[in-house]
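Hi,

Here is the structure I promised to pass on. Have a look at it first, and then read on for my notes.

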Amino acid sequence: MYQLMVLFFEICIMRKGPQDVPASPWLVRLMFIPYLLVNLLILLLDSDWSHALLQIAAETVLMIGFCYPLLYFSGKTARFPQTLTALLGSDVVISLCAIPAVASLNTQISQVAYIAMIVLMGWHWLVNGNIFRHALDRPLMFGLALAFLYILISTQAMTLLFTEIAVSD
């Protein structure tokens, strides 16, 4: 387990890529556990259990729904388990780093917390871009463009699904 944590940290500092992750369906399933727990911890800071679980499920569907077709149309579906595992593992590492900033924003709004969140979002974008780059054998700019597209799609979908609309009487 320690080796996996080190591997995902090295992916997050862009020393390694999804090609370094074992291509194991078992490992993909295993990574959903920390992904669920860490994201649940973050979402429970500002939401209830049912909304948090629905958001995690929706984000997971979006991740799979973006990643698999990308690899399918590139003719690289064999890389799907490694790519998904790398995306899940790197999300866990970055989300763990985000917990203090998210908790700080929920208790007291501060510029430091906002700056930390912006840095973490940029880091997440770079890491996902690097993962897509390696998975598709493309330049980093291509991977960053795909990661940005994923962020846009994910943000729009989550906003549509989970923003409470106030109805005025």
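Predicted model: local features only at pLDDT ≥ 70, side-chain atom pairs only at ≥ 80, totals over all residues.

**The core**

The largest nonpolar core has 42 residues. Within this core, F8, I11, V21, M63 and F132 have the most contacts. Six helices each supply at least two of the core residues: helix 1 (2-12), helix 2 (25-43), helix 3, helix 4 (80-107), helix 5 (111-136) and helix 6. Helix 4 provides the largest share, at twelve residues.

Leaving aside residues up to four places away in sequence, F8 touches V21, M31, T85, A86, G89, S90 and V93. V21 is itself one of the residues with the most contacts inside the core.

T83 is another one to look at, and this residue is found in helix 4. Is T83 buried or exposed? With a relative accessibility of 2%, T83 counts as buried, because the cut-off for buried is under 20%. Its contacts, again not counting residues up to four places away in sequence, are P18, C67, L71, I131 and A135.

**The pocket**

The largest pocket holds about 1,200 Å³ of space. Its lining is made up of 31 residues, and those nearest the centre are N39, I42, L43, E59 and M117. Helix 2, helix 3, helix 4, helix 5 and helix 6 each put at least two residues into that lining.

**Aromatic rings**

A pair of aromatic rings is described by the distance of the centres and the angle of the planes. Rings count as a pair here if their centres lie within 6.5 Å. By this rule the count comes to five aromatic pairs. One of them is F66 with Y150, a tilted pair with 5.2 Å from centre to centre and 50° between the planes. That pair links distant parts of the chain: F66 belongs to helix 3 (residues 49-73) and Y150 to helix 6 (residues 140-162), 84 residues apart. F66 and Y150 are both buried.

Then there is Y72 with F73. Their ring centres are 5.2 Å apart and the planes sit at 80°, so this pair is edge-to-face. Y72 is partly exposed, at 48% relative accessibility, while F73 is exposed, at 70%. Ring pairs also join Y68, Y72, F73 and F80 into a cluster.

While you are looking at rings, find F142 too: R138 lies over the face of this ring, 4.8 Å from the ring centre.

**Loops and a helix end**

K16 is placed in the loop between helix 1 and helix 2, and at 31% relative accessibility this lysine counts as partly exposed. Which residues does K16 touch, not counting those up to four places away in sequence? They are L7, E10, I11 and N130. K16 and N130 are 114 residues apart along the chain, and their C-alpha atoms are separated by 9.1 Å.

T107 makes a handy contrast. T107 lies in helix 4 and is exposed, with a relative accessible area of 68%.

Finally, two backbone angles. Most residues other than glycine have a negative phi. M14 has a positive value, with phi near 60°. M14 is found in the loop between helix 1 and helix 2 and is partly exposed, with a relative accessible area of 36%. D137 also has a positive phi, near 55°, and is found in the loop between helix 5 and helix 6.

That's everything from my side for now.

Cheers

Methods. Residues numbered from 1 in each chain as written. Heavy atoms only, no water. Phe/Tyr/Trp six-rings, centres within 6.5 Å; stacked < 30°, edge-to-face > 60°. Helix = DSSP H or I, 4+ residues; strand = E, 2+ residues; numbered from the N terminus. Buried < 20%, exposed > 50% of the residue type's maximum accessible area, 1.4 Å probe, protein only. Lys NZ or Arg CZ within 6 Å of the ring centre and 35° of its normal. Core = buried A, V, L, I, M, F, W, Y, C linked by side-chain atoms within 4.5 Å. Contact = heavy atoms within 4.5 Å. 1 Å grid on protein atoms, 1.4 Å probe; cavity = no way out; pocket = protein on both sides within 12 Å on 5 of 7 lines; lining within 4 Å. Points joined across faces, edges and corners; volume = space filled by probe spheres on them.
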